[in-house]
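Dear colleague,

Please find below the structure that I am handing over to you. My notes on what was found in it follow directly after.

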Amino acid sequence: MITGGNRLNGEVTISGAKNAALPILCAALLAETPLHLSSIPALKDVVSTIKLLEQMGVKATCNADKVSLDASEIHTKEAPYEMVKTMRASILVLGPLLARFGHARVSLPGGCAIGSRPVDLHIKGLQAMGAEIHIEHGYIEATTAHLPNKRLQGARYYMDLVTVTGTENLMMAAALAQGTTVLENAAKEPEVVDMAECLNKMGAKITGAGTDIITIEGVDRLSGAVHNVVCDRIEAGTYMVAAAMTGGEVKLLNVRANLLDAVIEKLRDAGATVTSDTDTITVKSDGKLKAVNIRTAPHPAFPTDMQAQFMALNTIATGVSKVTETIFENRFMHVQEMQRLGADIGIDGNTALVKGVAYLDGATVMATDLRASASLVLAGLVARGDTVIERIYHLDRGYENLEEKFTKLGASVKRIKGLTG
Ligand code: EPZ
């Protein structure tokens, strides 16, 4: 439950990135000695991933944000449907299992709220490296038994679409392949760069991460390392929008401004003041914002994971704005919920037209996916009266200690036992 109207002020510490932690946890499967990670956020998806790895034989020890993973004795090379259906990122065990053990059986991830989200490019890339893959009974069955030394072979592979976890899966697979792999049209997201840095510490030979051509020279084995996971730029962006919308002044700690250029640009266009130094960003605003047009695209363009949050900003900004979603085919689930709060939004294909209104009125709304639920929190922070958000398990997937962090900034946010239990 959120009671709107409080300006946010103070400091908030940003956690490690969910979308870096999940793939890097899976990278532990490649190592013959323990991998020691820090800045791992306490999120449901992290717990799910660690449980999946433990089911395979990984020994995990967790202590606050520190997780050590020992994959020296893997007995199962399978990711079962019941795990994958709750978390699509489980697909990230496919590349490592195949590369290190020559065999993997991973359930096809179903679709999800925001789109069908196929994994065809993950599969095509592994096939380009020689893997034999077929789909049966909803599982991806992959093997390299027929290949020389039963190992994946380095290949040149052009990815038809920019895919973040596709790039990560193939980078992990190529790290232990025989020969050199070149991934073209690779994703440039900071989380891809963070994984490459971790893999190189483990003994991989990867160059070009962060550009659209990544070259991976295969090695015979990888060992553990020590790695601190990059900060969560999407969590940071969410708090920055909250500061701008509520008309406060918030200083984010443990964050790198150079990961958020497109978001900072848009906040400045909206009229907020954004300043930064090496590991902090400060956002200041009087709460009177101008509507800004948004068009999502792969990094370094405006991130799709910040689209819903800026939609919330536009609902109460002055003017009309267009929000265009080019990455996922169904990422406007938050629109009808915002309309319940009084927002004036019309959808035309993959573009939403938002007309700023003077105020939103609190209501009961329903979270549908992770970033949509974050946008409803933002709307609730400025709506008049109380907003109750149901199904907030979506929030717990991607935001560590959300109500504590917002409460510390002066918001009135609390977790209640909803009518739906
Ligand atoms: C990652 O998902 C993130 N998740 C998503 O964050 C993020 O929204 C997305 O990248 C885009 O930035 C993780 O990193 C765990 P894609 P991913 O493969 O890798 C299509 C969040 O809120 N595609 O880059 O699954 C796909 O359907 C989550 O934290 C294929 O067609 O996204 C989509 O339209 C949500 N075939 C587009 O490409 C493929 O084989 C981009 O998807 C792969 C992808």
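A contact, as the word is used here, means heavy atoms within 4.5 Å. By that rule, residues 24 or more positions apart account for 73% of the contacts in the protein chain with a separation of 6 or more.

Please note that this is a predicted model, in which local features need pLDDT of at least 70, side-chain atom pairs count only at pLDDT 80 or more, and totals for chains, interfaces and linings use all residues. Residues are numbered from 1 along each chain as its sequence is written, and side-chain values use heavy atoms, with hydrogens and water left out.

The overall form

The protein chain contains 14 helices and 24 strands; these are DSSP runs, numbered from the N terminus, with helices (H or I) of at least four residues and strands (E) of at least two. Along the principal axes, the C-alpha atoms occupy a box of roughly 65 × 45 × 45 Å. The radius of gyration (taken over C-alpha atoms) is compared with a globule rule of 2.2 Å times the number of residues to the power 0.38. For 421 residues, a compact globule would have a value near 22 Å, and the protein chain agrees because its own value is 22 Å.

Of the 421 residues, 57% count as buried. Buried means under 20% relative accessible area, exposed means over 50%, and partly exposed lies in between (1.4 Å probe, protein chains only). The protein chain exposes about 16,300 Å², of which carbon and sulfur atoms supply 51%; such areas come from the Shrake-Rupley method with a 1.4 Å probe, and for residues only the protein chains shown count as cover.

An enclosed helix

Helix α4 (residues 94-101) has 6 of its 8 residues buried, so it is largely enclosed by the rest of the structure. The buried residues of α4 are Leu94, Gly95, Pro96, Leu97, Leu98 and Ala99. Gly102, with a positive phi near 75°, follows α4.

Salt bridges

Side chains of opposite charge can pair when their charged atoms come close. How many salt bridges does the structure hold? There are 15, where a salt bridge is a side-chain nitrogen of Lys or Arg within 4 Å of a carboxyl oxygen of Asp or Glu.

One of them joins Lys59 and Glu73, at 3.6 Å from N to O. This pair links distant parts of the chain, 14 residues apart: Lys59 is in strand β4 (residues 59-63), and Glu73 is in the loop between β5 (66-70) and β6 (78-79). Lys59 is partly exposed at 43% relative accessible area, whereas Glu73 is exposed at 53%.

Another joins Arg105 and Glu141, at 2.6 Å from N to O. Here, strand β7 (residues 103-107) holds Arg105 and strand β9 (residues 139-143) holds Glu141, 36 residues apart. Arg105 is partly exposed at 23%, while Glu141 is buried at 15%. Together with Glu78, Arg105 and Glu141 are linked in a network of salt bridges.

Arg415 and Asp396 also form a salt bridge, with their closest N and O atoms 2.9 Å apart. Arg415 lies in the segment after β24 (412-413) and Asp396 in helix α13 (residues 393-396), 19 residues apart. Arg415 is partly exposed at 42%.

A buried glutamate

Glu191 belongs to helix α7 (residues 190-201). Is Glu191 buried or exposed? Glu191 is buried, with a relative accessible area of 4%. Leaving aside residues up to four places away in sequence, Glu191 touches Asn19, Ala20, Glu168 and Arg233.

Yours sincerely
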